[in-house]
Each structure stands twice: as C-alpha cells, then as structure tokens.
Amino acid sequence: MRMTRSRIGVVVLFGVLSLTLTALAFPSMVGLQKKDGGQDRLVASTPYGPLTEADRDFVVKVRAAGLWEYPLGELAMERGTSKAMKEAGEHLVVGHAGLDAECRKISTEMGITLPNKASPQQQEFVATVAAKKGADFDATAVTIMRVTHGQIFPVIANIRATTRNTMVRELADLANDTVLDHMTVLEKTGLVGFGDVSFKQTAPAKLPNDRVTPPPPGPGEPTAVLTPRPDLDVKTGGPAPSVSATAAPTAASTTAG
C-alpha cells in the first residue's frame, strides 16, 4: 500500500516530536556529561585528605539530586496509587535527607558552595511527573527516577574507588547504599521497563551546561535543608542479601581443598 505525501509528512512529524519529547524528558542528569580533563586537579588540601575537582563536583551532584528527588518522593507519598509506590516515596525522602545532611557537613568543613535549587532539567523532571495523574503518575515517576539512579550509580563507584578524601569516601559509601536501596524499591513497584530504562541510561540527549547545572546560591542566601523524617520507619541501607546468598555452605564446598 502506497502512502500519500501528506500521510508521510504526518508520520515524519510524529517521529520528530517523539524524539524531541524523549530528549526533553530523559537527558543525562546533572554533571554526568563528560567533561574535558581536569577532574583530578587538586582544589584544596584538607585535614581529611586532598580534595579534587571530581570530589567537589560529586558533593554538588549528590546535593542537587536531593533537591529534586526529595520533593518527588513527597509527591509519590501523597499521590502514589499503590503501597509500593508510596513506600518508594518514603525511601526517597528519608534517603536524600540523610545524604543532604552529609553534604552540608562536608561543605562546611571544606568550603564547598552548595546549590539551593536543582538544575533546570531536574526541575523539569519534577514538573513532568507532577502533571501526571493516577497510573501515568506512577509510571512516569518510576521511569525517570530509575533512569537517573542508574546513571549516578557508576559515578558513585568511580569516586569511591579513586578519592583520597575520607569525608568524600564516606559520602560515596552512604550514596552507594542509598541509591541501591532506591533502585530496589523502585523495581518493587513492578513498573520498571528495563529495556526502555537501559536505552535512556546509555543514550542520553546532550544539553547545554546551563540546563544541567544547578544555579549557585545568591549572596547571603541561607542553605536550604531537606527536612529529616524520623516519623517514617524507613531504613535506606543496601537491600538485604537473598536467602541463597546467605545460606550455609554445602557439604561439597566445605570439604573442597
């Protein structure tokens, strides 16, 4: 069957719009676009060890992540349509409150300027989810959060493996456990489409730096605090190992060697 010229035009236009929306909704998150060298440059000598540019940027990334994922977690607690979705929201709120406290502690000790607002791109993530309702809200929130958590996970590992600063290393340890916990509770919702998520994690759109960089605080602007929630009975450490991983060794394995 032959397509008319007008129908071809509609199909092409729809395809372009789909690609544009994908680029807007799922680009690389703040700071994950590769930078040109200099990340191992020493920016300060501290009592906790040398602080490199990569170390400093990591602290800023963790802080910025909380500035949009914390309110998104609150939205999930309020508007999630399932128990699993509301639980994921609780973990986001509690986890990022803990990470935020650590970032603020490090910034005071090492003179790192922290943002008080998420990047424009991250703010769009929240706006995109907030505009949805019902099942669409759940699916959109889970997809965006699972993509961004999957992107930051290897970044944390790299910092943990390379930093010589003990406070940054502690933050990386906490971030590793927290992000792993968040990925786990998001997957428990049953809404993660792994093929789609994998594509968006590995083929992000490229955006201008001003879209993916959180704005600096204004002169004299007080540091925003993500409120701790001790009222929520949530532990955000790494998920417990499976039964098979903790089972007693078999007779064969105990007699080997």
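Predicted model: local features only at pLDDT ≥ 70, side-chain atom pairs only at ≥ 80, totals over all residues.
**Strand pairing**
- Strands S1 (residues 42-46) and S2 (residues 49-52) run antiparallel, with 4 bridges joining them.
- The hairpin between S1 and S2 goes through 2 residues.

**Threonine 148**
- A polar atom of the threonine 148 side chain sits 3.1 Å from the backbone oxygen of methionine 145.

- Arginine 146 and glutamate 187 meet through their side chains in a salt bridge, at 2.9 Å from N to O.
- That pair links distant parts of the chain, with arginine 146 in helix H5 and glutamate 187 in helix H6 (residues 166-187), 41 residues apart.
- Arginine 146 is buried at 8% relative accessibility, whereas glutamate 187 is partly exposed at 30%.
- Arginine 160 and aspartate 173 form another salt bridge, at 2.5 Å from N to O.
- This pair also links distant parts of the chain: arginine 160 is in helix H5 and aspartate 173 in helix H6, 13 residues apart.
- Arginine 160 is partly exposed, at 35% relative accessible area, and aspartate 173 is partly exposed at 35%.
- Elsewhere, salt bridges with shared partners tie Arg63, Asp100 and Arg104 into one network.

**Arginine 56 and aspartate 57**
- The side chains of arginine 56 and aspartate 57 make a salt bridge at 3.5 Å, N to O.
- Aspartate 57 is buried at 11% relative accessible area, while arginine 56 is partly exposed at 28%.

Conventions
Residues numbered from 1 in each chain as written. Heavy atoms only, no water. Pairing = 2+ DSSP bridges. Polar contact = N/O pair within 3.5 Å; in protein donor to acceptor, adjacent residues only side chain to side chain. Salt bridge = Lys/Arg side-chain N within 4 Å of Asp/Glu carboxyl O. Buried < 20%, exposed > 50% of the residue type's maximum accessible area, 1.4 Å probe, protein only.
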